[in-house]
Amino acid sequence: MPTQIRPPVYESGDLEIDLFRRELRRGGIVAPVGSRAFEILEVLVQAGGELVNKYDIIDRVWPGILVEENTLHAQMTAVRRALGGDREILKTEAGRGYRLLGTWTIHHGNSPDGVIHLDTGATDARSNFPAAAPVLIGREDVTRQLKDYLSAYRMVTLTGPGGIGKTVLALDIARAILPQFDGGGFFIELASLSDPSLVPIVVANSLGLKIGDESISPELIAKSIGSSRTFLIIDNCEHVIDAVADICQTLLRKCPLLSILATSREVLSIDGEYVSRVPPLDVPPEDRPSLGDVLSYGAARLLLARIGALDSQFYPQDQHLSSIVAICRQLDGIPLAIEFAAARSATLGLHEVAERLGDRLGLLNGRRRALPRHRTLRATIDWSYDLLTESERRLLRRVSIFPSGFKLNGAIAVMKDLDLPSGEVAEGVASLVDKSFAILGGKASPSRWRLLETTRAYALEKLSSSGDYTLTARRHAEHFRDFFATFDPDASPEGGDELPRFAREVDNLRAALNWTFSASGDLVLGAALAAAAVKFWLAASLLAECCDWTSKALAQFNGIDNSEQEMVLRSGRALAVLFSQGMTPAAHADLTQALAIAEARGNIEYQQRAVYGLWLFNIRSMPLRGTLALGRRYAELARSDADPAATTMADLFMGTALTYLGEYVEAAELLERTILNYPIERRYRELARLGIDPRASAIGHLSVCLFSRGSMDAAIRVGERAIEEARQVDHPIATSMAMAWPASLHFPGIGAFDTAEQYIAALLEHANRYALDTYRAIAMCAKGRLLAMRGDPRAGLAVLRPSFAQLKATGYQLFASFFHGAFAETLAAAGNLDEGLAEAELALRHAEQMDYMFVPELLRIHGSLIANRNPDDHLVPEQLLLRAIHLAHRQQALYWELNAAVSLAELWQPQGRQAEAYALLSPICRRFTEGFAAPVLVRANALLRATEGCR
């Protein structure tokens with residue numbers, strides 16, 4: 001018979017591409033490469049260095065199949081990985097294709113003798129796979145990816161914690177791809193095996209090899225498989241991991257067409273292994289989407305499908321929504337835990353199971369016929385925990401103290417008493433990741449790890465029973481005391497990296513504080529931790545928490561002698577209260593005491609903080625003249641601080657005070673100087689220290705000056721710029737402050753009611769999200785006023801009355817006095833004229849006492865309502881309106897001057913005083929250069945046209 005010429009071998013240096021054995025060899029050693037990846041190598045090497053179009057590759061390797069380019073890219077990555085140090089010979093020409101470089105020689109050989117194959121007894125692929133399980137739910141994307149991996153790599157290991165569904169996933173994929181393996185597919189179960197030396201025997205038996213046990217070796221099994229295209233699933237490898245690694249390494253080296261899919265809670269760490277960490281099922285978000293949205297998440301679909309299988313009467317409804325979301329999230333999307341929860345929900349109900357998940361390890365158990373390690377949630381974790389070394393168990397127990405993940409320095413901190421080298425702790429963390437106890441944080445936190453909640457609950461139990469809980473909790477609290485004490489928004493030029501880094505630790509901060517203030521905690525440490533966190537709370541606008549924890553810390557000061565901490569805590573609590581609750585006497589007392597301590601200690605920074613707090617208290621509660629003195633005091637502190645930014649802050653405080661005093665010209669000069677001189681890179685520092693963005697605040701108050709002076713269009717532009725500035729720093733208080741006047745005054749004042757409505761809604765949503773009661777009240781007052789301005793005073797009053805009462809309760813008199821006038825007008829328009837008149841008189845009296853900027857407008861409202869109450873009494877309304885005009889003129893407040901003048905002209909009309917009306921309005925209107933669409937200018941021009949012939 002003629003000699004059969006087998007397919008050639010291509011050689012280039014140390015590389016060999018053997019088309020007969022389907023092997024890529026480097027220096028005579030077989031490099032692991034999947035079947036698809038090898039087919040790509042075959043196409044490229046046969047092209048002799050020429051460019052191969054990417055579409056030609058797809059047609060050759062995937063004939064008749066529609067394949068996306070990202071699949072080709074994945075295979076190319078596998079080829080490069082197999083080429084190792086020679087990967088540079090595979091060249092990509094973007095958008096065109098690929099070429100394989102190198103000088104390749106070709107030789108042929110005869111068909112090899114002595115190859116031993118498995119006796120399949122049939123040409124059809126055979127397998128010993130278990131009967132198909134229920135359809136996989138929520139694994140569509142993972143299944144698709146794994147099929148690609150198995151075509152690119154010959155050894156794939158599925159890892160993940162117990163109950164993640166590795167075995168079910170492996171079998172599902174294996175059944176789908178089995179037709180590609182004419183040598184068959186074999187399932188090798190190792191769960192019940194306790195002696196690692198028996199691994200080859202179990203493998204041989206699963207493959208149906210008839211060999212005496214004493215003679216079985218990995219080499220003999222490899223010889224039996226030979227070059228047949230065979231697929232193995234080796235299940236549950238973690239407890240005999242070394243023996244499995246050895247046999248897999250041998251089989252892959254000697255069997256070129258063999259593919260292996262292993263499942264293990266620990267990686268095998270062998271050459272050619274591709275590790276695929278099986279993710280949890282995706283879980284629905286906390287913000288309670290609709291039931292239809294929830295069903296798009298795999299965890300929810302699995303939960304409801306399994307409940308339905310156990311209870312044919314069950315049908316999910318909207319009242320189940322919160323329980324479904326809670327169960328899926330608290331169980332981290334772990335399929336086995338969700339199946340246990342489904343079994344319990346079928347008997348106890350979803351709500352009851354969701355409420356009792358704090359005891360998940362005792363609550364969740366289920367399948368009587370399952371493997372012992374899968375019968376309860378606790379048994380599932382026990383299996384893996386028992387495989388850890390004692391040092392790994394101790395580390396796992398201690399890092400469970402971190403509720404929101406940990407970094408390496410945190411792990412080192414809680415192991416501090418053991419005096420372990422940091423490298424040893426790092427190795428321990430890496431081992432916990434390899435054994436599927438810890439999860440790496442991903443791209444957003446590449447050096448951060450966390451435990452799944454169920455694993456953490458288990459480890460916390462172990463920590464408590466070990467006797468190490470108190471020591472670990474103390475180390476944890478000390479670590480975060482030191483960490484939050486370093487919070488400094490100036491650490492990065494834009495402040496953007498600093499806050500998120502600390503915000504990631506907020507749950508750890510809460511846990512540490514909860515322990516320190518518990519019965520078994522340490523109050524001294526708790527006070528120090530709370531003081532260390534004050535700057536962060538203020539910068540992050542976590543105002544309610546700041547109030548709560550500083551109050552708990554300050555309550556301990558009867559027995560703690562540390563005035564520096566008291567200064568920090570009182571200052572922080574006062575600012576948090578001012579921004580969230582309003583101008584309370586307790587906040588004023590805290591500021592006064594903090595200032596006294598700062599002065600006694602010579603602490604300039606906290607003197608500045610306290611003076612600013614008192615300035616803010618005064619300006620909002622409206623002893624406005626007192627704010628000027630405090631502004632000057634801040635300027636003196638700035639000079640002693642020798643900080644140009646502090647000097648500019650003093651300009652801001654003085655300019656703001658003068659704005660509300662109606663000194664618009666001088667105020668605008670100071671505010672413009674602030675905008676020009678304040679170093680923008682320092683704005684995050686003021687946000688952290690004082691909760692204020694100097695630029696946004698200065699620009700916002702400048703817009704009030706411009707509006708009052710009649711430059712309405714410019715005011716709108718500047719007001720929107722202030723909002724944009726505040727949004728750039730992404731600070732809730734700064735953004736709320738910037739939106740308040742445009743929503744309340746500017747847009748309604750120019751008649752842009754739709755835009756005003758949008759800004760009011762945005763302010764309300766913002767205030768609700770961050771629990772800013774003061775700004776919530778402002779938004780609701782603005783909403784009520786807008787309804788009245790749109791011609792529905794009764795609807796406006798229904799909103800304005802309660803929200804105005806709420807605003808007054810906060811003590812925020814700056815806005816309360818403005819809305820007081822609107823409240824009076826709305827009362828009168830809704831038919832409550834006497835009550836409206838009384839409120840107008842009260843608002844005017846209070847504003848005059850404080851020299852408030854809106855006195856001209858309140859005079860106008862009071863005069864107009866008196867005219868409505870007594871149509872025959874012209875004298876008193878006229879006197880009030882003239883006073884309003886003259887005061888606004890002195891303030892150079894053109895807008896308010898025109899407002900009062902229009903009301904007086906309308907009062908004169910029925911009296912036949914058209915000429916006087918024209919003489920009053922004409923020079924005022926001529927001074928306007930913009931804002932001609934504003935309702936008050938439209939009314940004024942209509943009056944001028946009506947009186948023009950009477951001048």
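Two strands count as paired if DSSP finds at least two bridges between them. Strands themselves are DSSP runs (E, at least two residues), while helices are DSSP runs of H or I with at least four residues, and both are numbered from the N terminus. With that in hand, look at leucine 90, which stands opposite leucine 100 in strand 7. Strand 6 and strand 7 (residues 97–100) run antiparallel and are joined by 4 bridges.

These two belong to an open sheet of 3 strands, ordered 5-7-6, with antiparallel pairing. Strand 5 (52–53) and strand 6 (90–93) are its edge strands, each pairing on one side only. Strands of a sheet pair through backbone hydrogen bonds, either parallel or antiparallel.

## About the model

You are looking at a predicted model, in which local features need pLDDT of at least 70 and side-chain atom pairs count only at pLDDT 80 or more, while totals for chains, interfaces and linings use all residues. Residues are numbered from 1 along each chain as its sequence is written, and side-chain values use heavy atoms, leaving out hydrogens and water.

## The whole chain

Stepping back, the protein chain holds 44 helices and 16 strands. Its radius of gyration, 38 Å, is well over the 30 Å that the globule rule gives for 951 residues, so the chain is more spread out than a compact globule. (The radius is taken over C-alpha atoms, and the rule is 2.2 Å times the number of residues to the power 0.38.) Along its principal axes, the C-alpha trace spans about 130 × 70 × 65 Å.

Of the 951 residues, 56% count as buried. Here, buried means under 20% relative accessible area, exposed means over 50%, and partly exposed lies in between (1.4 Å probe, protein chains only). The accessible surface of the chain comes to about 39300 Å², and carbon and sulfur atoms make up 50% of that surface; such areas come from the Shrake-Rupley method with a 1.4 Å probe, and for residues only the protein chains shown count as cover. As for contacts (heavy atoms within 4.5 Å), residues 24 or more positions apart account for 68% of those with a separation of 6 or more.

## Helix 35 and its surroundings

Helix 35 covers residues 753–769, and its 17 residues reach 24 Å from the first C-alpha to the last, close to the 24 Å expected at 1.5 Å a residue. That expected span is 1.5 Å times one less than the number of residues. Its buried residues are Ala756, Tyr759, Ile760, Leu763, Leu764, His766 and Ala767. They cover an arc of only 165° around the axis, which puts them on the same side of helix 35; the arc is that of the directions from the helix axis to the C-beta atoms. On the other side, Asp754 and Gln758 are exposed.

What do the buried residues of helix 35 pack against? Their partners are helix 33 (712–729), helix 34 (732–749) and helix 36 (773–789). Threonine 735, found in helix 34, is buried with a relative accessible area of 5%. Leaving aside residues up to four places away in sequence, threonine 735 touches Ala726, Arg727 and His766.

Helix 18 (residues 422–434) has 13 residues and reaches 18 Å between its end C-alphas, close to the expected 18 Å. Val425, Gly428, Val429, Ser431, Leu432 and Val433 are its buried residues.

Helix 29 (residues 644–660) has 17 residues and reaches 25 Å, close to the expected 24 Å.

## Positive phi angles

Alanine 771 follows helix 35 and lies in the loop between helix 35 and helix 36. Its phi is near 55°, a positive value in a residue other than glycine. At 39% relative accessibility, alanine 771 counts as partly exposed.

Aspartate 851 also has a positive phi, of about 55°, although it is not a glycine. This aspartate sits in the loop between helix 39 (833–850) and helix 40 (855–869), and is partly exposed at 32% relative accessibility. Helix 18 is followed by serine 436, with a positive phi near 65°, and helix 29 by glycine 662, with a positive phi near 80°.
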